[in-house]
Amino acid sequence: MTSPEWAVHLPPATSVAAVDLLADRSLPGSWTRRWREDPGKRVLLDDARGWLTAARIEEETRTVAARYAGAGLQPGDRIVVSAAPSADLVIAHVAALRLGLTVVPVNSAYTEREVAHIVRDSGPAAAVVDDRSRARWIRDACVREPVITSPTVELPPGRAPSLDVVGPSDRALIGYTSGTTGAPKGAVLRHGNLLASAEALRLAWRWTPEDRLVLSLPMFHIHGLGVGLHGTLTSGAAVVIRPRFDPDDVFDSISTHRATLFFGVPTMYARLAAGGRLAELAALRLAVSGSAPLPPDLWHVVAARAQQRILERYGMTETVMNISNPYDGERRPGTVGFPLPGTEIRLTGDTSEIQLRGPNVFSGYWERADANAEAFTDDGWFRSGDSGARDPDGYVRIVGRLKELIITGGYNVYPREVEEVLRAHPGVNDVAVVGLPSAQWGEQVAAFVVPAGVLNPDDLLEYAAVRLAAYKRPRVLRLVDSLPHNALGKVLKHELRSQGV
Ligand code: MLC
Ligand code: AMP
C-alpha cells in the first residue's frame, strides 16, 4: 500500500497506521480527556480573568451548560455567539458544545441587515452577545423569543444535564460564508470535522501541552476558533487571549508570557513587520499565516529580520484546514505545502480547481440542498473554488480564485452582496464591485458605480455603512458612465480591475 501524501506531516516516530484523528469522537471528548489528565494545567488567560486552569474550565463550562439547559435549551438547538474574544466567551462556547448545542458564530462588526439574515436562516434558540444593539436585532429577527445573554451567561442555575455525549456526526458549528449569491449560507461543521482538523494540526505543527499561543484573531471565524482555540484545547496547550490585534500588544504578550506560537493573517504580519520590533518574533517556536496569500517578499523580510520561517497554510470555513507547509523541512514561500493528515486533494479540469475530501470536509450547507448539489462533485469531492498548481516536488500553490471573492485583511467579501446593497440605493443605476491590489489589505473593495442622475458618493457610502460591516464597504468608489459588458451582458470585471484605482 502506498503511503498517503499527508505522511510528510507526521512526526518522525509516528506511523500512518497509528493516526486516528477521531479517537476522541468529539471536541468535548478530546478536551475533557486533556483536563482530566492535568487538572492544574493553566489553559486560558485574558486580562479580566487571569489564568484559568483545566479544572476551573471544566467546572465553569459544566455550570454554564446547566444554565443553558435550565433556560430550556436542548441538544441540537442553535446558539448565536457574537462577541469580542475573551475567556468568558470561550467558556460560553465550550459549554454550548458540551451540551450538544450548535454554535453559530457571528462577526461582531456586522450590521443589523447582516445579523438578521443569519438569525432568520439558522433559527437560533439563544444568543450570547456583548452589546445591546445586537441583542435587539437578534430578538427582532427571531420567530420564537430567544434566550439572550452576555458572555458571562448570567442565567439562573439549572439542573445538571448530560454532558459530552455528542459523537462525530453531531453538529457543532454553523459557519456563515458565501459563494455565488449575495446571501451567506451556513456551512454545517460536525464534531468529527472540527476534531479531525484540530488533531491534524496538532500532529503536523507538533503542538504540545508546553505550547502557548498568542491569539489576537477574532473568534467568530474558523481561523481564530477552529484553528487557534480548538487546536489549543485539543493539544492540551495554553492560549493567551487578546481582545483585538495590536502589534505592540502581540510583542508584549509573546515576551511576558513566553509564548511559543502566533497565528495571523498576512495583514497582521505586514503590521508586525512595519514597526521596530519584528526581531522579537524570533522567540516563537512557530509562526503561522493563513486566510489569504502571504506575499513571498514579506516572508523573506520576516525570515531575515526575525529568523522566523513563517509556515503558510490554506483553509476554508467548509473544510477547516486543508493544506500546510511542513513543520520539518522546507517551508516554501508562495506555496501552502502538502495536504494535512486525513485530507486528500486533486487538481481538476481546465481550471485546476482544488477539490478536497477527508474527515475535515463538511457535509453541506444548512437547509440549502441546491447549494450542496453545486458544492460537491458527483463522486463526492468538495469544490473549493480555488485553483492550484503543483511545484515539481509536490508543493501546492494557490494560483487563482474561481469564485467571485475579495479577501481583504483576511476577511472575505462577496462582490455580489456589496453590489446588491449599493444597487438598492435610488441614486444608483448599475454597479460592479471588484478587488484591487492593496499593500495593506492584500485586496481592497472597489465599486464602479453608474449613477442614476446626480449622486453624492458620500451619501452612497453612508447608505452602505448602515447595511455592510466596515470591512465590506468600498474603499475605492468610482462614478462611471457605463460598465464594460460582454455580448451576453455580463460585466467584464477583469477590465475594471485593470483600470485600477
Ligand atoms: C478592519 N477594517 C478593514 C479590515 N479590518 N477594512 C478592510 N479589511 C479588513 N480586514 C476597517 C475597520 O473597520 C476600520 O474602518 C478601518 O478598516 C481601520 O481599522 P483598523 O483599526 O486598522 O483595523 P483593525 O481593527 O486593526 O483590523 C485589522 C485586522 C482585522 C487585520 C486585525 O481585519 C482582522 O482581524 N483580520 C482577520 C480576519 C480573520 O480572522 N479572518 C479569518 C477568516 S477564516 P473604519 O470605517 O471604522 O475606519 C478563513 C479561513 C482560513 O479565512 O483559511 O483561515
Ligand atoms: P473563508 O470562506 O473565510 O473560510 O475563506 C476561505 C478562502 O480563503 C479560501 O477558499 C481561499 O480562497 C482563501 N485562503 C485561505 N488560506 C489561504 C492561503 N494561504 N492562500 C491563499 N488563499 C487562502
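**Entry 1, conventions.** I treated this as a predicted model, where local features need pLDDT of at least 70, side-chain atom pairs count only at pLDDT 80 or more, and totals for chains, interfaces and linings use all residues. Residues are numbered from 1 along each chain as its sequence is written, chains are lettered from A and ligands numbered from 1 in the order in which they are written, and side-chain values use heavy atoms, with hydrogens and water left out.

I looked up the shell first, taking a residue as near if one of its heavy atoms lies within 4 Å of the molecule. The shell around ligand 2 holds 18 residues, and the closest are Arg313, Thr317, Asp386, Lys403 and Asn412. I then listed polar contacts (pairs of N or O atoms within 3.5 Å; within protein, one must be able to donate a hydrogen and the other to accept it, and residues adjacent in sequence count only if both atoms are side-chain atoms). A nitrogen atom of ligand 2 is 2.9 Å from an N or O atom in the side chain of glutamate 312. For arginine 313, a polar backbone atom is 2.7 Å from a nitrogen atom of the ligand. An oxygen atom of ligand 2 has a polar side-chain atom of lysine 403 at 2.6 Å.

I checked the cover next, with accessible areas from the Shrake-Rupley method and a 1.4 Å probe (for residues, only the protein chains shown count as cover). Of the 500 Å² of accessible area that ligand 2 has on its own, the protein covers 92%. Strand S13 (311-316) and strand S20 (396-401) are the elements that give two or more residues to this shell. Elements here are DSSP runs numbered from the N terminus: helices are H or I of at least four residues, strands are E of at least two. S13 gives five residues, the largest share of the shell around ligand 2. By class I noted eight nonpolar, five polar and five charged residues. Ala, Val, Leu, Ile, Met, Phe, Trp, Tyr, Cys and Pro count as nonpolar, Asp, Glu, Lys and Arg as charged, and the others, Gly among them, as polar.

I found 24 residues around ligand 1, of which Arg271, Ser291, Arg313, Thr408 and Arg475 come nearest. A polar side-chain atom of arginine 271 is 2.9 Å from an oxygen atom of this ligand. Threonine 408 has a side-chain N or O atom 2.6 Å from a nitrogen atom of ligand 1, and a polar backbone atom of glycine 410 is 2.9 Å from a nitrogen atom of the ligand. The protein covers 73% of the 1,000 Å² of accessible area that ligand 1 has on its own. Helix H9 (266-274) and S13 each supply at least two residues of the shell. The classes are twelve nonpolar, eight polar and four charged.

Why is strand S8 (residues 185-190) largely enclosed by the rest of the structure? I noted that five of its six residues are buried, so the rest of the structure largely encloses it. Buried means under 20% relative accessible area, exposed over 50%, and partly exposed in between (1.4 Å probe, protein chains only). Six bridges pair S8 with strand S7 (residues 171-177) in the antiparallel sense; two strands pair if DSSP finds at least two bridges between them. Lysine 185 in S8 is the bridge partner of threonine 177. S8 also runs antiparallel to strand S18 (residues 364-365), with two bridges. There, alanine 187 has tyrosine 365 in S18 as its bridge partner.

Glycine 236 follows H7 with a positive phi near 70°.

I placed serine 82 in strand S3 (residues 78-82). Serine 82 is buried, with a relative accessible area of 1%. Its contacts (heavy atoms within 4.5 Å) include Val106, Val128 and Asp130, not counting residues up to four places away in sequence. Aspartate 130 is in the loop between strand S5 (126-129) and helix H5 (132-141), and is partly exposed at 36% relative accessible area. The side chain of aspartate 130 reaches the backbone nitrogen of alanine 84 at 2.8 Å. A polar contact of 3.1 Å links the side chains of aspartate 130 and arginine 134.
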